[in-house]
Amino acid sequence: MEIFKSGEKIKAIKKSPFYYYGSGTDSTWTTEIGKSDLKLITEFINKAKSIKDTCSFNSSSIDYYDIKTNGKEIKIVGNCEWNGIDYDSLESKIFKHKFIELEKKRKIVADSLARSFNGIWDVSGWENGVLKNRNLVLTRTTEKEPKIDGIYRWTFEKEKEAEFKEKLDIDEGSTLIEIGASTYKVLNIENDKIELKYLW
């Protein structure tokens, strides 16, 4: 994140990490800083200055902070006790409206995916309950079409769209879907064909 003065205004740019909605992402976020945001930034910097260069390592994940202010740089490694004045809380408050927009975009992607899956599909890749190919192809069919022995036929009902969307993961740069007890990555969606990759 970068904080800078533009004329009489103070602005913030969030360059990374990117937040995804399906395969899409906003590369950068820009917003104007208000008085309460500026107060939180000041508290964050003061807290960072008071923390030693290396904090205790009490987790499997490690935080890395490189904070530059007035030509000076603060480097912090570890799991510091921020008392609610950490980078995540700072980012959440400053870019609150951007996170709201992000959730709306994720909802649009989830709604579109749920609609695309609605219907009856013959599944190529599973045969007699055995995975023959990690890449599956779903071909749209109807109840009138005779079912092929040994080939799965999946049905996604419009009435269960909400339940379907709960099993979607669209915030990691790709779309993952849980079907039955398995997880798949969505590779491609067309009107009458869907391609999935079996993950686990």
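Predicted model: local features only at pLDDT ≥ 70, side-chain atom pairs only at ≥ 80, totals over all residues.

Which residues of H3 are buried?

Tutor: In H3, the buried residues are Lys98, Leu102, Arg106, Ala110, Asp111, Leu113, Ala114 and Phe117. The helix that carries them has 22 residues, and from its first C-alpha to its last it reaches 32 Å. That is close to the 32 Å expected at 1.5 Å a residue. After H3 comes Gly119, whose phi is positive, near 130 degrees.

Now let's look at the partner of this helix. Helix H2 covers residues 87–94 and H3 covers residues 96–117; their axes come within 4 Å and cross at roughly 80 degrees. Because angles of 65 to 115 degrees count as roughly perpendicular, H2 is roughly perpendicular to H3. On the H2 side, the contact is made by Glu91, Ser92, Lys93 and Ile94, and on the H3 side by Lys96, His97 and Phe99. Sorted by class, this contact has two nonpolar, two polar and three charged residues.

Ile94 leads us on to the nonpolar cores. The largest nonpolar core has 23 residues, and Ile94 is one of those with the most contacts inside it, along with Phe44, Tyr65, Ile76 and Trp82. Helix H1 (35–50), strand E6 (63–69), E7 and H2 each supply at least two residues of this core. The largest share, five residues, comes from H1. For a view from a single side chain, take Phe44: leaving aside neighbours within four places in sequence, Phe44 is in contact with Tyr65, Ile67, Trp82, Ile85, Asp86, Tyr87 and Leu90. Apart from this core lies another, of 21 residues, among them Val123, Ile177, Ile194 and Leu196.

Strand E7 deserves a stop of its own. Gly78 lies in this strand, which spans residues 72–78. Its relative accessibility is 1%, so Gly78 counts as buried. Beyond its neighbours within four places in sequence, Gly78 is in contact with Cys55, Ser56, Phe57, Ile62 and Asp63. Gly78 and Thr54 are 24 residues apart in sequence, and their C-alpha atoms are 5.7 Å apart in space.

Next, the loop between E7 and H2 holds Asn83. With a relative accessible area of 55%, Asn83 is exposed. Backbone angles are worth checking here. Most residues other than glycine have a negative phi. Asn83 is not a glycine, yet its phi is positive, at about 55 degrees.

Asn128 gives us a second case of this kind: it has a positive phi of about 50 degrees although it is not a glycine. Asn128 sits in the loop between strand E8 (119–127) and strand E9 (130–131). Asn128 is exposed, because its relative accessible area is 65%. Along the chain, Asn128 and Gly150 are 22 residues apart, while their C-alpha atoms are separated by 4.3 Å.

One last stop is strand E14 (residues 182–189), where Ser182 lies. Ser182 has a relative accessible area of 13%, so it is buried. Setting aside neighbours within four places in sequence, Ser182 is in contact with Trp126, Ile177, Tyr198 and Trp200. You have already met Ile177, which is among the residues of the 21-residue core.

Key
Residues numbered from 1 in each chain as written. Heavy atoms only, no water. Axes fitted to C-alpha atoms, helices over the stretch in contact; angles between N-to-C directions. Parallel < 35°, antiparallel > 145°, perpendicular 65-115°, else oblique. Contact = heavy atoms within 4.5 Å. Nonpolar A, V, L, I, M, F, W, Y, C, P; charged D, E, K, R; others polar. Buried < 20%, exposed > 50% of the residue type's maximum accessible area, 1.4 Å probe, protein only. Expected span 1.5 Å × (residues − 1). Core = buried A, V, L, I, M, F, W, Y, C linked by side-chain atoms within 4.5 Å.
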